[in-house]
Amino acid sequence: MTHGTNGAPPTGLAQALAAGPVVLDGGLSNQLESAGHDLGDDLWSARLLAERPEAITQAHLAYLEAGADVVITASYQATFEGLARRGFGRDRAAALIASSVALAREAVARARAKGVARPLWVAASAGPYGALLADGSEYRGRYGLTVDELERFHRPRLEVLAAARPDVLALETVPDADEATALLRAVRGLGMPAWLSYTVDGSRTRAGQPLEEAFAPAAGAKEVIAVGVNCCAPEDVEAAVETAARVTGKPVVAYPNSGEVWDARSRSWTGHRTLTPAQAERWRAAGARLIGGCCRVGPATIAQLARTLRTG
């Protein structure tokens, strides 16, 4: 299913995960903010798809140069509904969503030109319905929508992303097992592998379902090549990785936040960074194979993780 951004004969991401750890990038938004871009609006980093696409390519490149094997596109918050609120018609919205994959591919090409020779992949991000609301709902779930309604929301964007031919779809920051069910339905028939990643609070999804139950539907989904957690506290990862591996028998993806906590009301981060390379070693021992960082995790931390995972 994958068809490579590699310089050598293409190696599928699923095969790479079977062989050993693969390094994910870190938070796209914090890398863009560190470059001076204001992301303080409902479209978040997706706004730059229209306004500053070069900035997105540069952010991806920073992670590839730091040691990431996989970069995640700027489509997390790019939906037809959200873009329509900004006056983008359906054709233009589809083009912007698809461009997120092209921008990541351009970053891979530039990394190649700079001498990066290891296998590289592009993951097309599909965030939860709550990301459209931009009110912190992605950390709660329970939107009042049925599984069928959520499937109808997700499918059109996933079709556009799949047609842009990334290497994998990242169904990420999912707060609710019902939404995961909708996403698993929505990727059927797209001819594209995917990973499914929950945002969690302890041993439960943000919506309160036990992770044992939440991971179970992914076990039989042939499109899913990895399952796990992201956008959560580093301290919650190890037990979740163990559960995901045991319940699904699949490689596990783990990319938590720095340890700081997002306050949706003040739209600011509080607390302290707790993510360390030593934690990543424990996640690998527990079954994680696709490992990186999410919010507030930058290229310097990904470089540390990459060194640890490649030499451990």
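**Figure 1. Helix α8 crosses helix α9 (residues 177-186) in this predicted model.** The axes of α8 and α9 come within 8 Å and cross at roughly 45°. That angle makes α8 oblique to α9. The crossing is a right-handed one. On the α8 side, look for Val-147, Asp-148, Leu-150, Glu-151, His-154, Arg-155 and Leu-158. They meet Asp-178, Glu-179, Thr-181, Ala-182, Leu-183, Arg-185 and Ala-186 in α9. Sorted by class, the residues of this contact divide into six nonpolar, two polar and six charged.

**Figure 2. Helix α8 (residues 147-163) also comes within 8 Å of helix α6 (residues 90-113), axis to axis.** Here the two axes cross at roughly 55°, which makes α6 oblique to α8. As α6 passes α8, the crossing is right-handed. From α6, the contact is made by Arg-90, Ala-94, Ile-97, Ala-98, Ser-100 and Val-101. The classes in the contact of α6 with α8 are seven nonpolar, one polar and two charged residues.

**Figure 3. Helix α4 (residues 53-66) crosses helix α13 (residues 299-311).** The axes of α4 and α13 come within 8 Å, and their crossing angle is roughly 30°. How are the two helices oriented: roughly parallel or roughly antiparallel? Angles under 35 degrees count as roughly parallel, so α4 is roughly parallel to α13. The crossing of this pair is right-handed. The residues where α4 meets α13 divide into seven nonpolar, no polar and no charged.

**Figure 4. The second largest pocket is lined by 14 residues.** The volume of the second largest pocket is about 210 Å³. Which residues of the lining lie nearest its centre? They are Arg-206, Asn-257, Glu-260, Val-261 and Trp-262. Two strands to look for are β6 (200-201) and β10 (261-263), each of which supplies at least two residues of the lining. By class, the lining of this pocket has nine nonpolar, one polar and four charged residues.

Key. Residues are numbered from 1 along each chain as its sequence is written. This is a predicted model: local features need pLDDT of at least 70, side-chain atom pairs count only at pLDDT 80 or more; totals for chains, interfaces and linings use all residues. Side-chain values use heavy atoms; hydrogens and water are left out. Axes are lines fitted to C-alpha atoms, for helices over the stretch in contact, and angles run from 0 to 180 degrees between N-to-C directions. Helices (H or I, at least four residues) and strands (E, at least two) are DSSP runs, numbered from the N terminus. Angles under 35 degrees count as roughly parallel, over 145 as roughly antiparallel, 65 to 115 as roughly perpendicular and the rest as oblique. A crossing is left-handed if the near helix is turned anticlockwise from the far one by less than a right angle, and right-handed if clockwise. Ala, Val, Leu, Ile, Met, Phe, Trp, Tyr, Cys and Pro count as nonpolar, Asp, Glu, Lys and Arg as charged, and the others, Gly among them, as polar. On a 1 Å grid over the protein atoms alone, a cavity is a set of points where a 1.4 Å probe fits but cannot get out, and a pocket is an open set with protein on both sides within 12 Å along at least five of seven lines; lining residues have an atom within 4 Å of a point. Grid points are joined across faces, edges and corners, and a volume is the space filled by probe spheres set on the points. Contact means heavy atoms within 4.5 Å.
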